[in-house]
Amino acid sequence: MLRRMQKTSISHSKMILYLVICDLVIIWVIAFVLSSPKARIPLLPEIPSVKSEEQAPDPFSQRTIVDSWNFAEKYDFIPVDQRPNSVRVPILTYHHVAPLPSSKSSRPYFVSPEMFEKQMKHLDKKHYKSLTPAELYNLLLLGENPKQKSVMITFDDGNYDNFQYAYPILKKYDFTGVFYIVSDKIGIPISALQEMSQNGMVIESHSATHIDLIPVTDPATLSYEITTSKYKLQSVTGKGVTSFSYPGCGSNGSAVSTVATSGYLFAVSCGKSIDHSYYGRFSLSRMHVYSNFENFKKILSGIWEVTYDYE
Ligand SMILES: [Zn+2]
């Protein structure tokens with residue numbers, strides 16, 4: 001009888017030990033699953049996946065902290081009313097960043113390195129984010145203003161001074177520059193373009209030969225200027241070319257449809273507005289930047305003015 005009781009008590013202890021081990025294993029499995037990255041609750045809502053050549057990233061993945069109050073506050077000039085159903089992002093256009101030339105007719109296309117630095121410093125101070133083309137596309141797709149004041153900083157023509165003067169300043173302030181390059185007339189050495197691309201700059205297409213596309217309807221020419229230039233530049237950087245800048249901001253229906261069917265996310269032109277829509281994405285308005293600080297601050301508020309006062 002005593003032996004039976006001892007046996008029973010031993011088998012009870014074994015059972016309890018077994019249950020404790022099972023519990024510990026279950027707790028460990030739950031803890032492991034919860035600590036895996038997939039199970040963590042995202043801090044920002046997930047953005048729907050985009051069917052495009054490039055996977056659109058989270059628009060707010062850059063260094064800066066999203067500040068939802070920032071967007072509506074403290075402009076230097078009262079912003080113009082936003083167009084209904086639009087996304088507000090000033091898209092800035094630069095050509096040359098270099099000492100101002102003596103020729104008065106070329107000066108509008110130059111911003112001095114000192115003025116460029118002053119403009120970038122201002123964006124940094126005002127907590128602006130510089131968008132990549134993929135990030136801008138993602139916002140257009142969502143149809144929402146960025147939650148943080150944002151700009152896209154673009155450069156046309158691929159002049160060497162973009163590498164010499166603009167690139168170091170962009171790097172200093174941790175901004176992304178979007179460089180529209182003419183694939184058959186690259187003014188920046190290939191190794192420099194690759195360095196820029198590896199350091200966060202984006203290399204995009206400004207056609208193959210900078211031809212005026214307005215009179216062009218020949219499909220072979222359009223394909224060469226728009227599609228071939230894309231693949232040539234992709235082979236330089238090893239990254240996708242996702243947007244197109246019309247040479248001289250000129251386009252016609254054939255050019256727009258060639259861009260739309262060549263795998264580009266959007267195209268940029270010239271304009272006087274900082275408000276955009278997804279449906280207008282193949283001709284987005286960009287504001288021309290002059291070597292003038294007040295004019296620059298007006299652009300950020302959507303105020304368009306031509307200036308002849310170059311600082
Ligand atoms: Zn150009």
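**Exercise 1. Describe the chain as a whole: contact range, burial and secondary structure.**

Contacts within the chain with a separation of 6 or more are 68% between residues 24 or more positions apart. Two residues are in contact if their C-beta atoms, placed from the backbone, lie within 7 Å. This is a predicted model, in which local features need pLDDT of at least 70, side-chain atom pairs count only at pLDDT 80 or more, and totals for chains, interfaces and linings use all residues. Residues are numbered from 1 along each chain as its sequence is written.

Next, burial. Of 311 residues, 37% are buried. A residue is buried with 20 or more other C-beta atoms within 10 Å of its own, exposed with 12 or fewer, and partly exposed in between; C-beta atoms are placed from the backbone.

Last, secondary structure. The chain has eight helices and 12 strands. Helices (H or I, at least four residues) and strands (E, at least two) are DSSP runs, numbered from the N terminus.

**Exercise 2. Check the span of helix H6 and locate its bend.**

Step 1: count residues. H6 covers residues 219-237, which is 19 residues.
Step 2: get the expected span. The rule is 1.5 Å times one less than the number of residues. For H6 that gives 27 Å.
Step 3: compare. The end C-alpha atoms of H6 are 27 Å apart, so the two values agree.
Step 4: find the bend. H6 bends by about 30 degrees at Thr228. The bend is the angle between axes fitted to the seven residues ending at a residue and the seven starting there.
Step 5: look past the end. Gly238 follows H6 and has a positive phi, near 75 degrees.

**Exercise 3. Identify the buried residues of H6 and what covers them.**

Step 1: list them. Leu222, Glu225, Ile226, Ser229, Lys230 and Leu233 are buried.
Step 2: find the cover. It includes strands E7 (177-181), E8 (202-205) and E9 (243-245), together with helix H7 (253-260).

**Exercise 4. Classify the packing of H6 against H7.**

Step 1: take the geometry. The axes lie 10 Å apart, at an angle of about 45 degrees. Axes are lines fitted to C-alpha atoms, for helices over the stretch in contact, and angles run from 0 to 180 degrees between N-to-C directions.
Step 2: apply the classes. Under 35 degrees is roughly parallel, over 145 roughly antiparallel, 65 to 115 roughly perpendicular, and the rest oblique. H6 and H7 are therefore oblique to each other.
Step 3: assign the hand. The crossing is right-handed. That term applies if the near helix is turned clockwise from the far one by less than a right angle, and left-handed if anticlockwise.
Step 4: name the residues. Leu222, Ser223 and Ile226 of H6 meet Ser254, Ala255, Thr258 and Val259 of H7.

**Exercise 5. Judge how enclosed helix H3 is.**

Step 1: count. Eight of the 10 residues of H3 (residues 133-142) are buried, so the helix is largely enclosed by the rest of the structure.
Step 2: name them. They are Pro133, Ala134, Glu135, Leu136, Tyr137, Asn138, Leu139 and Leu140.
Step 3: look past the end. Gly143 follows H3, with a positive phi near 70 degrees.

**Exercise 6. Place Asn85 in the fold.**

Step 1: locate. Asn85 sits in the loop between helix H1 (2-35) and strand E1 (87-88).
Step 2: classify. Asn85 is exposed because 10 other C-beta atoms lie within 10 Å.
Step 3: find partners. Beyond neighbours within four places in sequence, Asn85 contacts Gly143 and Ser277.
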